[in-house]
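Please keep the sequence and the 3D view open while reading.

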Amino acid sequence: MRALRHLNKYFLKYKYRLLIGIAITIIARIFATLVPTLVGDSVDVVEQYINKDITDLSEVKNGLIINILLILGAVLISAFFTFLMRQTFIVVSRFIEFDLKNEVFQHYEKLSLNFYKKNRTGDLMNRISEDVSKVRMYVGPAIMYSVNTITLFVVVIGYMISIAPELTLYTVTPLPILSISIYKLSVAIHKRSTVVQEFLSKLTTFTQESFSGITVIKAYGIETQTHQNFTDLSNTSKDKNLDLAKVQALFFPLMVLLIGFSNILVIYIGGKQFLDGTIKDLGVIVEFIIFVNMLTWPVATVGWVSSIVQQAEASQVRINEFLSQEPEITNTISQDTPIKGNISFDNVSFIYDDTNITALKKVSFEVNTGETIGILGKTGSGKSTILDLIGRLYDASSGEIRIDGTPIRNLNLTNLRESIGYVPQDAFLFSDSIKNNIKFGKEKATDDEVYKASKNAVVHDNIVGFSKGYDTVLGERGITLSGGQKQRVSIARAIIKEPSILLFDDCLSAVDTETEEEILQNLNNISKDKTTFIVSHRVSTAKNADKIIVLEDGQIIQQGTHNQLINTEGYYKELYLKQLSEKEI
Ligand SMILES: Nc1ncnc2c1ncn2[C@@H]1O[C@H](COP(=O)(O)OP(=O)(O)OP(=O)(O)O)[C@@H](O)[C@H]1O
């Protein structure tokens, strides 16, 4: 139960609704317990007529009609309050489910990239949907049935003892057996449903990955193999589901068996006591039979509820496991720290802790506001890592990164991220309209601003060429756009933000050299008062930069301007000559 304590804050938040729910439940149960008493009274009236204690038939009829009307009234009132009971408890459970999902989602968002590398998307999705649903069963049905059972027990057993204590004892004896059996069954159900849950997780992950990577699957023609893998996985999942169904199938027969046993006891013991005169009225036996049936479901729910609580506990443990993860990168500075964009790296090294790869080794350089820096180097040399460190997606392992003279960790993280326009290597577009994808960089941007940014990113003409123009909705990952179009929409998204720092990570790789030239000219105008980083594999992209650094194995091996570097023997000159000859070809 320790993990479930996490939910106490929500119980506190909805305490008034819960208290009202408890009051409603008590009222509903009191009216429900009137029914057996009234049925018993009706039997007594008939018995008295048969025994000739009452001789007037119309008196019997009147008595019965009044009882029937009272029963109808009690049933209606009880039904109405039962409806309100469900409305209260189940509605609260839906509120808590909503709150918890939001809490988990917001926490996911705060967690650093390392967390996403260690945990699979399918697992993240399952904890926020399946696990939260299991927890809802605890905050809703489990609590509702517990309050219901306790109320019914106190009211019904109290009343039964008051009219026939010995018969009560015999009648309720099988009930704990029912409760324990249902509990044992529920534990077995829980064990099997945990396995079912694991397979559901695997199936979700498999499906999600298959359809995210559908292009690769189709391109390699491995649909049959993928389908076979899916079939194998879902076959195992089906077997586990069947195992579960077998145990679940025992639930109701077991209940019916034990109810039947209690009924036989009431009839046998009650009948004997009626014959020896311990029980005066036949109506008592009828009342008891109805009471036993009334108690059976609540007693069964004791076992069922304990299993729900166990499952909720297991799910909450999984949820808490993620909630307790501290974001590695946090905002510790509350005051605003406006950012101009003078950036310096001082002996910065960085090791990816999951792979232990040293991506940067003692890197030092400086860029000032208004300057553009080009970063070149072989693949895996650490170029993207430099950009990631500027956006504080990771913190440097050693050395110091300063922005406007302040160590990056001492800057307000929100201000820092707000002042960065980042275009990643792998442009990610959301399944939304092109316009909204661009406005993602500036939510309140006007249409004119969107057009201006698109024109600067040289993608406007492409967009207006689509039949729905800027309202064209992109598929998942923007698959309706070409690689170069995606990159340019992604550039428009960054520049519409008008940030003080622009980070372009090899984002012109899928664009032809002519368009690249046009974009670079536009960027030149836009970035006059900004600090711009251009990571590239092409000399043509970086040649106009104020400064160029060349990386190899995480170290700066060359730096200078284009003119300086083409006149110096080394990687840059070789690359330049190679790419120049390719262009001539
Ligand atoms: N998220 C990560 N987790 C672990 N290691 C990583 C991660 N990202 C990059 N690396 C490793 O760090 C090194 C530097 O990678 P980085 O992406 O910075 O290189 P790059 O120069 O941008 O390469 P490319 O030109 O191919 O984009 C590489 O050896 C890479 O394998």
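The domain assignment divides the chain into domain 1 (3-323), domain 2 (329-419 + 500-585) and domain 3 (427-498), with bounds that come from an automatic or database domain assignment. The model is predicted, so local features need pLDDT of at least 70 and side-chain atom pairs count only at pLDDT 80 or more, whereas totals for chains, interfaces and linings use all residues. Residues are numbered from 1 along each chain as its sequence is written.

**Domain 2 against domain 3**

- The C-alpha centres of domain 2 and domain 3 lie 24 Å apart, and their contact takes ten residues from domain 2 and twelve residues from domain 3, where two residues are in contact if their C-beta atoms, placed from the backbone, lie within 7 Å.
- On the side of domain 2 that touches domain 3, the largest share, five residues, comes from helix H18 (residues 513-526); helices (H or I, at least four residues) and strands (E, at least two) are DSSP runs, numbered from the N terminus.
- By class, that side of domain 2 has seven nonpolar, two polar and one charged residues, with Ala, Val, Leu, Ile, Met, Phe, Trp, Tyr, Cys and Pro counted as nonpolar, Asp, Glu, Lys and Arg as charged, and the others, Gly among them, as polar.

**Nonpolar cores**

- In the largest nonpolar core, Ala492, Leu503 and Phe533 touch the most other members among its 65 residues; such a core is a set of buried Ala, Val, Leu, Ile, Met, Phe, Trp, Tyr and Cys residues joined through C-beta atoms within 7 Å.
- A residue is buried if 20 or more other C-beta atoms lie within 10 Å of its own, exposed if 12 or fewer, and partly exposed in between, with C-beta atoms placed from the backbone.
- Helix H17 (residues 483-495) gives the largest share of this core, five residues, and the core lies between domain 2 and domain 3 because both give residues to it.
- Not counting residues up to four places away in sequence, Phe533 touches Ile373, Ile375, Leu387, Leu502, Leu503 and Phe504.
- A second, separate core of 52 residues includes Leu175, Leu185, Ile279 and Ala312.

**Ligand shell and helix H12**

- The ligand is surrounded by 16 residues, of which the closest are Tyr352, Thr379, Lys383, Ser384 and Thr385; a residue is near a molecule if its C-beta atom, placed from the backbone, lies within 6 Å of it.
- Strand E2 (357-367) and helix H12 (383-390) are the elements that give two or more residues to this shell, and H12 gives the most, with three residues.
- By class, the shell has three nonpolar, nine polar and four charged residues.
- H12 is mostly covered, with six of its eight residues buried, namely Lys383, Thr385, Ile386, Leu387, Leu389 and Ile390.

**Positive phi values**

- Most residues other than glycine have a negative phi.
- Glu498, which is not a glycine, has a positive phi of about 45°; Glu498 is found in the loop between H17 and strand E7 (501-505) and is partly exposed, with 17 other C-beta atoms within 10 Å.
- Asp506 also has a positive phi, near 45°, but Asp506 lies in the loop between E7 and H18 and is buried, with 22 other C-beta atoms within 10 Å.
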